[in-house]
Amino acid sequence: MVDKIKIKVSSFVANILENDALRFGFMKNGKSNKNALLNKLIPTLVEVRKARRNEIEDILKNEYNRDDSENIYNAVNTVIDRVYFDDEELNILDEYIWIRPSKEVMSTYDEIETSETLITAQEIPVYIRGLLNEYSRLPQYKREMLVFDKELDIFDTACGLHHILHFKDKETGDRYKAFAFNYYYGYLYGQTNYCIIYDLSDTTIKAIPLYRIQDIYMIKQKYKPSERLIERLQEYTDNCNFEREISVEAK
């Protein structure tokens, strides 16, 4: 695998990546670090693309009972990017971005080179450009969810199992030990996704923007909230006033 990849994109895509790097805290020496953003994002985009292909194949086999489903499946995968993610719709390709794969995600780029490009009949830069074209058309809240897919998955699991969460707020540096209550999709005006927690250290209900959650993990210990606390958490979420914090004793 090459140590860097040069991709030609439209100014629309380049601007989205620049703004997202700044918005989501991918910074280095006071400037946007698009390479860090892309190394975190592209593995998720590849998995999304693979999951969609699998769904297409399942529908062909199970709902249409096509004997030639594999041939149709292969044909679909060679044209889907051209149909849905055409370059011209996103303006002239007049910008270049560089990706330097990190060691942590090298396997994803190896998979793109050895498998994905064969399935889609595309070269590596064209394949990645298709991923970024699709990503750039999405609203900000959905792009944030894709960038921080792993963090959101852990938070969602903790919500369901009531396991205690530990994480760091990468903007403030604060570390949290928390009960994960729910998350709020920012699909309206704010476009920021919030994770609603009960901070077990200072007994306060808080909303942490998803993009600020870092080094998140669950421990085996569970937390059993009182009915009163659940009511206050739900009330806080329903009011959507996430700029304030509420102190609540867990009784």
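Q: By class, how many nonpolar, polar and charged residues are in the lining of the largest cavity?

A: The lining of a cavity can be read by sorting its residues into classes, and in this predicted model the lining of the largest cavity has seven nonpolar residues, one polar residue and no charged residues. The residues concerned are Leu152, Tyr183, Tyr184, Tyr185, Asn193, Tyr194, Cys195 and Leu210.

Q: How much space lies in the largest cavity, and which strands each supply at least two residues of its lining?

A: The largest cavity holds about 30 Å³ of space, and the count of cavities of 30 Å³ or more comes to one. At least two lining residues come from each of two strands, S6 (175–184) and S7 (194–199).

Q: Where is Tyr183 found, and with which residues is Tyr183 in contact once its neighbours within four places in sequence are left aside?

A: Tyr183, one of the residues lining the largest cavity, is found in strand S6. With those sequence neighbours left aside, Tyr183 is in contact with Leu152, Phe155, Asp156, Tyr194, Cys195 and Ile196, and among these Leu152, Tyr194 and Cys195 also line the largest cavity.

Q: At what angle do helices H4 and H5 pack, and which residues make the contact?

A: A helix pair is read from the angle and the distance between the two axes, and here helix H4 (residues 106–120) and H5 pack at about 90°, with axes 10 Å apart. Because angles of 65 to 115 degrees count as roughly perpendicular, H4 is roughly perpendicular to H5. On the H4 side the contact is made by Tyr109, Ile112, Glu113, Glu116, Thr117 and Thr120, and on the H5 side by Ile124, Tyr127 and Ile128. By class, this contact has five nonpolar, two polar and two charged residues.

Q: Is Ser136 buried or exposed?

A: Ser136, which is found in helix H5, counts as buried because its relative accessibility is 3%, and buried means under 20%. Apart from neighbours within four places in sequence, Ser136 is in contact with Phe12, Val13, Ile16 and Arg143.

Q: Which residues of helix H6 are buried, and against which helices do they pack?

A: In helix H6 (residues 140–147), the buried residues are Arg143, Glu144, Met145, Leu146 and Val147. The buried residues of H6 pack against helices H1 (11–23), H2 (34–62), H5 (124–137) and H7 (149–161).

Note on methods
Residues numbered from 1 in each chain as written. Predicted model: local features only at pLDDT ≥ 70, side-chain atom pairs only at ≥ 80, totals over all residues. Heavy atoms only, no water. Buried < 20%, exposed > 50% of the residue type's maximum accessible area, 1.4 Å probe, protein only. Helix = DSSP H or I, 4+ residues; strand = E, 2+ residues; numbered from the N terminus. Contact = heavy atoms within 4.5 Å. Axes fitted to C-alpha atoms, helices over the stretch in contact; angles between N-to-C directions. Parallel < 35°, antiparallel > 145°, perpendicular 65-115°, else oblique. Nonpolar A, V, L, I, M, F, W, Y, C, P; charged D, E, K, R; others polar. 1 Å grid on protein atoms, 1.4 Å probe; cavity = no way out; pocket = protein on both sides within 12 Å on 5 of 7 lines; lining within 4 Å. Points joined across faces, edges and corners; volume = space filled by probe spheres on them.
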